[in-house]
Structure formats: structure tokens, C-alpha cells
Amino acid sequence: MSYLFSNYQRKPYEIMSGNGCYLTDHTGKEYLDFTSGIGVCNLGYGNKKLNSALKKQAEKLWHTPNLYQNSLQEEVAEKLCQRFDYLAYFCNSGAEANEAAIKLARKKTGKTQIITFWQSFHGRTYGALSATGQKSIQAGFHPLVPDFVHLPFNELAPLQKAITKKTAAVMLEVVQGEGGVLPADKEWLQAVAKLCRENDCLLIVDEVQTGIGRCGSLFAFEDYAIYPDIVTLAKGLGNGFPVGAMLAKKELGASFLPGSHGSTFGGNKMAMVAAKTVLTELDDQNIYENVKMRSEELVTGLKKLNAPFITSIRGKGLMIGIVLQEETNVTNLMLALETAGMLTLRAGENILRLLPPLIITSTEIIHGLHIFEKAFSKLSLQE
Ligand SMILES: Cc1ncc(COP(=O)(O)O)c(C=O)c1O
């Protein structure tokens with residue numbers, strides 16, 4: 001008898017340990033991890049610098065409330081904000097970062113309408129859930145927060161029609177993650193940014209899944225030559241230690257003054273040590289370059305495999321979606337991969353989502369491609 005809610009569909013095994021890009025379950029079976037704990041453990045498992053920094057801080061002090069100066073927050077904020085001249089607010093998750101963004105946008109503009117996009121995913125709290133463009137995720141939780149409008153992704157005409165001077169913000173993912181690993185078209189994203197400027201509304205980019213190196217740069221928006229007003233982060237920022245952040249242009253700072261918004265745990269010492277070490281490691285290990293090179297190797301390798309059931313491969317950096325033919329069941333493919341020794345994720349309707357740790361090596365990519373080959377041949381025999 002379990003005393004847990006059944007809100008998660010869990011595998012029958014437990015993961016007990018991890019090392020680099022590999023995980024081991026309670027039976028001793030080893031998996032090459034192509035999930036990173038759903039885009040979280042970007043530096044893999046057992047990173048020595050992270051372990052020792054967290055141990056050291058744990059001995060010293062875990063938490064102080066946001067009533068006092070916090071030099072660790074200042075350091076992390078500097079690392080995140082310096083290049084784009086943002087201010088940072090720290091919280092504990094992606095949904096919380098998006099809540100902060102929605103509240104800030106409404107407070108700053110004095111307007112209420114927020115435009116988001118179909119298939120988007122922004123989290124499960126009420127504001128973030130209302131922003132999420134998926135009816136199945138919202139079902140049973142109405143009434144939602146009012147004044148959220150959902151439009152087709154990558155289509156300009158509906159946005160041109162819907163956006164007005166009454167719009168507070170447009171909120172989007174540069175690559176829709178949960179919705180199906182769907183990248184935004186560059187021209188579309190640039191046109192969205194222009195429409196926001198013309199209508200005095202803010203552009204919020206949700207980088208919870210795409211940020212912290214996942215797509216080959218600190219923020220995925222960097223490749224699109226846009227300058228969002230607000231950026232949200234979480235997942236990879238703490239490599240598994242819960243931490244989220246909202247970054248915003250300096251002129252928005254006056255809208256979040258004392259008493260306006262906050263979080264008890266947000267930016268606590270342990271979370272900040274994790275984030276600081278992650279950001280340092282991204283540079284020290286030259287992770288951005290690694291993401292670009294390994295992504296190329298993985299996608300090229302996948303395309304060479306005999307897999308007639310693959311329709312297309314899309315994504316950015318090490319956020320990769322394999323679109324399957326309608327008649328190919330993604331769950332069956334994931335099971336075949338799991339049996340062969342690899343953990344993967346699904347996204348959207350019938351898409352296999354790959355989010356390997358960003359430290360993955362060429363040798364591990366080759367190992368991964370062997371596993372794919374094995375699983376693909378099993379699947380072909382079944383179908
Ligand atoms: C793009 C995006 N935004 C927000 C969230 C919500 O983050 P969290 O689960 O940390 O609240 C997620 C989680 O998958 C996400 O992918």
C-alpha cells in the first residue's frame with residue numbers, strides 16, 4: 001500500500017545511483033541517461049565540484065531569509081544578468097519563475113491580457129497553468145486566471161490580429177519542450193518581438209527547459225537576435241537542487257519593490273551554491289561547444305540508422321525530438337530503448353524526446369547510437 005498520490009505514472013524500478021551520463025537502478029541495471037532528469041541534471045551525475053561545494057555550504061549555513069544581504073545571490077545574479085543588463089529574482093521552480101514573470105508584467109504595464117501559444121507548457125500553478133496552451137493539462141481546474149489568450153505557435157497572422165495596446169505580455173518557449181520539441185521559426189520570433197515593441201507589451205521568454213546551455217548557449221533566445229523583457233529559468237540552473245529565476249530588464253525593477261513579491265526559500269544559500277557552481281562549470285568545461293558538437297554527431301548518427309518509422313528529427317542543441325509516424329507507438333519505442341539500456345522521454349503526441357546531459361562525450365554518443373540501432377531493429381520486427 002502506497003501513501004502517495006497517484007498523480008505520477010511511475011516505472012516499477014528505482015534509480016539508485018548515477019555517474020556522469022549513466023544511471024543504475026535497484027536491480028543493478030545500468031542505463032545511458034537521455035533524460036537528464038527531464039532537463040535538470042545537465043552536468044550529469046556525481047559532478048565533483050558541485051558535490052564538494054554543496055557539502056561545504058551544508059556544513060556552514062543552509063538558509064537565511066531574504067531579510068538579509070546575500071552575497072551568493074549577488075554572484076549568481078551577476079553571472080546570469082551581466083551580459084544582458086537584467087535584474088534577477090530567485091525562486092524554487094519553473095512554475096514559480098513564470099508566476100513572477102506574469103505578476104511583474106501585469107504590475108509594470110497595468111494591463112492584464114497575456115498571449116501564449118498552443119502546445120506550450122509553463123507549469124502547473126494557477127498562473128502558469130492558465131498560460132499553458134494545453135486543454136488536457138487544464139481540465140478539471142477551471143476557472144483559470146482570466147485574460148490568457150492562446151494562439152497557434154509559429155503563425156504571425158493570428159498574433160497580428162490579437163495583439164493590441166491592451167496586451168500586457170506575450171509569453172513563449174523558444175523551443176516548445178513538453179509540447180513536442182518544436183523550435184520557433186527565427187523570422188516569426190523576430191516578428192513577435194517587433195509586434196511586442198509596437199504595442200508596448202512585454203516579451204516573456206520561458207527558458208526553463210531551453211536555458212542553461214541546453215540549446216548550445218546560456219539562453220536559447222541568443223541565437224534568434226531578440227532581447228526579451230523577461231526571461232524565466234529553473235531546471236538545469238541547480239542541476240537537481242531546486243532553484244528558479246526570473247530575469248528582467250532593469251526598467252522593470254521599480255515594479256517589484258519591497259512587499260510586492262517574494263518566496264521564503266527563494267535563492268537560499270544551498271540553491272545559490274548549486275547555481276553558482278553550475279554556471280562556472282558551463283564555462284570551465286566549455287559546455288556550449290560540447291552541446292553543438294555532440295548534437296551534430298547524434299542527429300547525423302540517428303539519420304543514418306535504418307528507421308523508416310521516423311518522420312523527422314528536430315530541436316536545438318541537445319534538446320532533440322524524434323517525430324514518429326502515427327502508427328509507431330512512442331511508448332513501445334521507449335520500452336525497447338529502456339530494455340537495451342537507455343532512458344528517454346516523450347513529448348507532444350508521438351514524439352521521442354532526448355535530453356542527454358550536456359557533458360556527454362563522443363564515445364557516449366556512439367554508445368547511444370548502438371542502443372538506438374538495437375531498439376530500432378526490435379521495433380521493426382514487432383511492427
Ligand atoms: C518550458 C517550461 N516551463 C515551465 C516548466 C515548469 O517547471 P517546474 O516543473 O519546475 O515548475 C517546465 C517544466 O517542464 C517547462 O518545461
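This is a predicted model: local features need pLDDT of at least 70, side-chain atom pairs count only at pLDDT 80 or more; totals for chains, interfaces and linings use all residues.

Tutor: Residues are numbered from 1 along each chain as its sequence is written, and side-chain values use heavy atoms, with hydrogens and water left out.

Ser263 is placed in the loop between β12 (244-249) and α9 (269-284); helices (H or I, at least four residues) and strands (E, at least two) are DSSP runs numbered from the N terminus. An unreviewed UniProt entry lists Arg124 and Ser263 under "binding site"; such annotations may be inferred rather than shown by experiment.

Ser263 has a relative accessible area of 18% and is therefore buried (buried means under 20%, exposed over 50%, partly exposed in between, with a 1.4 Å probe and protein chains only). Not counting residues up to four places away in sequence, Ser263 touches Asn66, Tyr89, Asn92 and Glu96, where contact means heavy atoms within 4.5 Å.

The other listed residue, Arg124, is found in the loop between β5 (113-117) and α5 (126-131). Arg124 is exposed because its relative accessible area is 57%. With residues up to four places away in sequence again left out, Arg124 touches Ala95, Leu129 and Ile137.

Strand β12 also holds Lys249, which counts as buried at 13% relative accessibility. Beyond its neighbours within four places in sequence, Lys249 is in contact with Asp85, Tyr86, Tyr227, Pro228 and Asp229. A polar atom of the Lys249 side chain lies 3.4 Å from the backbone oxygen of Tyr227.

How values were computed:
A polar contact is a pair of N or O atoms within 3.5 Å; within protein, one must be able to donate a hydrogen and the other to accept it, and residues adjacent in sequence count only if both atoms are side-chain atoms.
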